[in-house]
Amino acid sequence: MGKMAGGDIEVYLLEKSRVTYQSPCERSYHIFYFMITHEVDLHESCLLSDNIYDYPLMSMGKVKVESIDDAEEMQIMDEAFDILGFSHDEKYDVYRVSSFCMHMSRLEFQGMGEVASPKNLDAGESCNQMCNFGDSGEAIYDAFINPKYKVGTEWVNKTQNVNAVTVGTGSIIKNVSGVSLDILSTCVMQLSVDPY
C-alpha cells in the first residue's frame, strides 16, 4: 500500500441538486457510476444492480462519458481510500451511504388528489435492509406519506400527496449525500494533516 507524500486541498462547490436532477449533457456524481461497475464487489453490501437505469434520479442525464473508464476509476478511488488510511468499514460506509441514495431514488409513489401510496415496496425493502429503518420497507414509505409534525405539545400525522412525497424524497437524498460529502471532506482534511 502506498503512503501519502503530499498534496493540495482544493475546494469545489458541489451542486447538491445534481444528485437528483441532471440536464441531458451532465452526469450525476461519478461515484454512482463507479459503484455499479462492481470493480469492487458491492452486490451484497450495497444491494446494487449492474444497471444505472435502475436508479432513476442518477440516470436522467448523460450516463456514459467516453473519456472516463468507470471500472478503472472505481479501482483508483477504492485504492485512494486505502492510501488515505480509511479502514475497510469506513470505506464501505461511504459506499453504503451512496448506494442508499441510489435506492432512495427508486421509491415510487402513486395516488390521486391529496393521498399518496407506495407503487411497490421493493425500493423501501432495499433501503430498510441497508439501514434497518423499521420493521419493513413499508415504514420508509409511511415516513414520507404520513410524516409526523409537532403541533403544540402533540405529534400529528399529515397525509401527503404524490408531489409532496416526491419532493421530500429528493430533499432527503440531497441532504444525505451533502452531509456525507461534508463528513468525508473533513476526514480527508484531518488525515492530510495527521495521517497516522
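Me: Why does Y149 count as partly exposed?
Reply: This is a predicted model, and the values are computed from it. Y149 has 37% relative accessibility. Buried means under 20%, exposed means over 50%, and partly exposed lies in between. So Y149 counts as partly exposed.

Me: What makes Y149, V151 and V156 a nonpolar patch?
Reply: Patch residues need over 30% relative accessible area and no salt bridge, and nonpolar side chains are joined within 5 Å. Tyr and Val are on the nonpolar list. Y149, V151 and V156 form such a patch on the surface. Together they have about 250 Å² of accessible area.

Me: Where is Y149 found?
Reply: In strand β3, residues 148–151.

Me: How do you know that β3 and β4 pair?
Reply: Two strands pair if there are at least two bridges between them. Here 4 bridges join β3 to β4, residues 154–157. So the two strands pair, and they run antiparallel. K150 has W155 in β4 as its bridge partner. The strands form a hairpin with 2 residues between them. In that turn, G152 has a positive phi of about 65°.

Me: What makes β1 and β2 a pair?
Reply: The cut-off is at least two bridges. β1 (residues 109–112) and β2 (residues 115–118) are joined by 4 bridges, so they pair. They run antiparallel. G111 stands opposite A116 in β2. This hairpin has 2 residues between its strands, and G113 in the turn has a positive phi of about 65°.

Me: How do you know that the structure holds 0 disulfides?
Reply: A disulfide is a covalent bond between the sulfur atoms of two cysteines. Here the pair must lie within 2.5 Å. For C101, the closest cysteine sulfur is in C127, 9.2 Å away, so that is too far for a bond. For C127, the closest is in C131, at 6.5 Å, and that is also too far for a bond. The count for the structure is 0.

Me: Are C101 and C127 buried or exposed?
Reply: The cut-off for buried is under 20%. C101 has a relative accessible area of 1%, so C101 is buried. C127 has 0% relative accessibility, so C127 counts as buried.

Me: Which residues of α5 are buried, and what do they pack against?
Reply: Helix α5 spans residues 122–131. Its buried residues are A123, G124, S126, C127, N128 and M130. They pack against α2 (43–46), α4 (88–104) and α6 (138–145). After α5 comes N132, whose phi is positive, near 50°.

Me: Why is T169 called buried?
Reply: T169 has a relative accessible area of 5%. Buried means under 20%. So T169 is buried. T169 is found in helix α7, residues 162–193. Leaving out residues up to four places away in sequence, T169 touches M104, L107, F109 and F144.

Me: What is the pattern along the whole chain?
Reply: The chain has 7 helices and 4 strands. Read along the sequence, they go α-α-α-α-β-β-α-α-β-β-α. Of the 196 residues, 35% are buried. Among contacts between residues at least 6 apart in sequence, 62% join residues at least 24 apart. The chain exposes about 11,700 Å², and carbon and sulfur atoms supply 54% of it.

How values were computed: Residues numbered from 1 in each chain as written. Predicted model: local features only at pLDDT ≥ 70, side-chain atom pairs only at ≥ 80, totals over all residues. Heavy atoms only, no water. Patch = residues over 30% accessible without salt bridge, like charges linked within 9 Å, V, L, I, M, F, W, Y side chains within 5 Å. Areas by Shrake-Rupley, 256 points an atom, 1.4 Å probe, with all protein chains shown as cover. Salt bridge = Lys/Arg side-chain N within 4 Å of Asp/Glu carboxyl O. Buried < 20%, exposed > 50% of the residue type's maximum accessible area, 1.4 Å probe, protein only. Contact = heavy atoms within 4.5 Å.
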